[in-house]
Amino acid sequence: MKNRINVGAVVSALVLVCCGALLLSQKVNAAGEGKITGTVKFEGTPPHMRGIDMSKDPWCVKANANTPQHLQTTEVGAGGGLEYVAVYIDGWSGPANVETSTPVFDQKNCMYVPHVMAVDPGQTFKVMTSDQTAHNIHPEPNPMVNIPWNQSQPPGAPPIEKSWKNPEMIPVQCNIHPWMHGWHVVVKGPVAVTDENGKYTIENVPPGSYTVKAWHEPDTTETTKVTVAAGQAATADFSFKK
Amino acid sequence: MRTTLLTWSLLLSVAVMLALPSISRAQLTTEDIASRDNMESHVAGYTGHVHDAAYDYRRYCVGCHGEMGDGNGEVAQWLEPPMWPKPRDFQLGIFKCRSTPTGTLPTDDDLFDTIARGLDRSAMPIWNQFTKYQRANLVAYVKHFSPRFVSEKPGTPIVIPPEPEVTPERIKNGREVFARVQCWKCHGVQGMANGPSASTLTDDLGYKIVPFNFTDGTRPKCGDTDRDIYRIFMTGLDGTPMPSFADNIKPDEAWDLVFYLRTFMQQKSKAKEVAKTLSLKPVSANP
């Protein structure tokens, strides 16, 4: 009788300890994730980003009357930082990037916001319009890799939900407003796009050694290697010249 | 003078060539294509087979669409867009005339109809000498060039409700739809292919393309019945700037728009008759 109670106690204690350890180990794992951070610079004199002539569409002209838009193909900040570079891990074998929110690709003031949007293969994203002029959204992937489509979004159009099947850097354009160019960067795993100072941070990277790639439109890629230690930030800087 | 002209035109053509193809053409191997020799079509009560179309394809299609179906036949080099669009590259699996949503494959019926109809304003002839069985085989042959017809199913055809009676109200409402979704950005407020964006349009291969001119007496490539026109703007012409409006035009309104488009066209129609009493003004390009 006494023995029996003891066994019961031991078993429940064991179960408790096991569960605790499991919970704990998960916590430790999460805390163990590091990040990769750095700056992407443009070397040399940046090409002139010419202003955009929107006179084809008076609505667009009016929308940008105060801050005229310019090309975003090589957007270099004051300190030489290069914006719109997508930095990602080559050959990522972990789980798909767990995004809590759905990426949104907006047509705003006759420009794409963001100019470069990163998504995982299979991840749902939204295409919306904030404009009171009609757009058509026309991604042009290589048809052998992903399937192109072309949909109109007149003023007040509901958002479109889409996803891409395979990794690819996909140019997106509006045929109505030929200056509107953007990119869908479809890559597996954690990814970040540089800000106006050329800075980026890839979050949630488990400890390990990685090949990191930085892609800048239309087709330039730089590669480097980093080792991420548990809970630490590894640095990977890049430089591009054109 | 002569030489400078020549140099300039040479330079220009080099520049144009460099600026051109935005998408690399697919280059499949003969073996890859042959691996789909068992492709079938099911249309008009027939089952079409690849090998039964081999003779007809070689005889009637190869000159433009090429041995490999990549649109690089002998004749292709002489076709200059936008007047003469390049022959379709069947390896890409992208088609203009579909009953299915944008971004999906056409049905066997769609390809079957296209082959009989030909494509207006292009070198693609009308093939009305073929039997239905020959056409069914050619559909299988066209499909076997693209791996997409193995990995994907055709899209679900859009539903077209029965055509309602033309009324003055419907034509007027069609005009409102034309203004609201802004077809005129490309097609022009009078359907004359001269909208503000018309001059800069290119297709997915980087070639110049012009919007359809509703007023010059030519016919839409993908058919000229009312149902065809309905289908065209609800599915879009994939591979071109012409987008799908399926999310933005309700089925009933779509018929109104078809009636309004008819008022631009030279072909006789009930809508044109009814419109005579309306004295419609072109929509405003500055809403």
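Reply: A residue is termed buried when its relative accessible area is under 20%, exposed when it is over 50%, and partly exposed in between, with a 1.4 Å probe and protein chains only. By this criterion W149(A) is buried, at a relative accessible area of 5%, and W164(A) is buried as well, at 3%.

The model is a predicted one: local features require pLDDT of at least 70 and side-chain atom pairs pLDDT 80 or more, while totals for chains, interfaces and linings use all residues. Residues are numbered from 1 along each chain as its sequence is written, chains are lettered from A and ligands numbered from 1 in the order in which they are written, and side-chain values rest on heavy atoms, leaving out hydrogens and water.

Over all chains, the whole structure holds 22 aromatic pairs. One of them joins W149(A) and W164(A), which are stacked with 6.2 Å from centre to centre and 20° between the planes. W149(A) is in the loop between β7 and β8 of chain A, and W164(A) is in the loop between β9 (160-162) and β10 (168-173), so this pair ties together parts 15 residues apart in sequence. Helices (H or I, at least four residues) and strands (E, at least two) are here DSSP runs, numbered from the N terminus.

The loop between β7 and β8 of chain A also holds N146(A), which counts as buried at 2% relative accessibility. Contact is taken as heavy atoms within 4.5 Å. Apart from neighbours within four places in sequence, N146(A) is in contact with P141(A), W164(A), K165(A), N166(A), E168(A) and I170(A). With E168(A), the side chain of N146(A) makes a side-chain to side-chain polar contact of 2.9 Å. A polar contact is a pair of N or O atoms within 3.5 Å; within protein, one must be able to donate a hydrogen and the other to accept it, and residues adjacent in sequence count only if both atoms are side-chain atoms.

Of the 242 residues in chain A, 44% are buried. Among its contacts between residues at least 6 apart in sequence, 63% join residues at least 24 apart.

Q91(B) lies in the loop between α3 (54-65) and α4 (108-117) of chain B and is buried, at 0% relative accessibility. A polar atom of the Q91(B) side chain is 2.9 Å from the backbone oxygen of M68(B). In helix α4(B), the buried residues are D108(B), D110(B), L111(B), F112(B), T114(B) and I115(B), and they pack against β1 (40-43), α5 (132-144) and α6 (148-151) of chain B. After α4(B) comes G118(B), with a positive phi near 75°. One aromatic cluster of chain B is formed by Y57(B), F90(B), F95(B), Y141(B), F145(B) and F149(B).

H187(B), in helix α8 (residues 184-187) of chain B, is buried at 11% relative accessibility. Its side chain reaches the backbone oxygen of F212(B) at 3.0 Å. Not counting residues up to four places away in sequence, H187(B) touches M192(B), A193(B), N194(B), G195(B), P211(B), F212(B), F214(B) and M242(B).

There remains the contact between the chains, to which chain A gives 30 residues and chain B 34 residues. The area buried there is about 2,400 Å², with 54% from carbon and sulfur atoms; buried area is the accessible area (1.4 Å probe) that two parts lose on being put together, summed over both. Between the chains there is 1 salt bridge, a term for a side-chain nitrogen of Lys or Arg within 4 Å of a carboxyl oxygen of Asp or Glu. D57(A) and K185(B) form it, at 3.1 Å from N to O. On the side of chain A that touches chain B, the elements giving two or more residues are β7 (135-139) and β8 (151-153) of chain A, and β8(A) gives the most, with 3 residues.

How values were computed:
Phe/Tyr/Trp six-rings, centres within 6.5 Å; stacked < 30°, edge-to-face > 60°.
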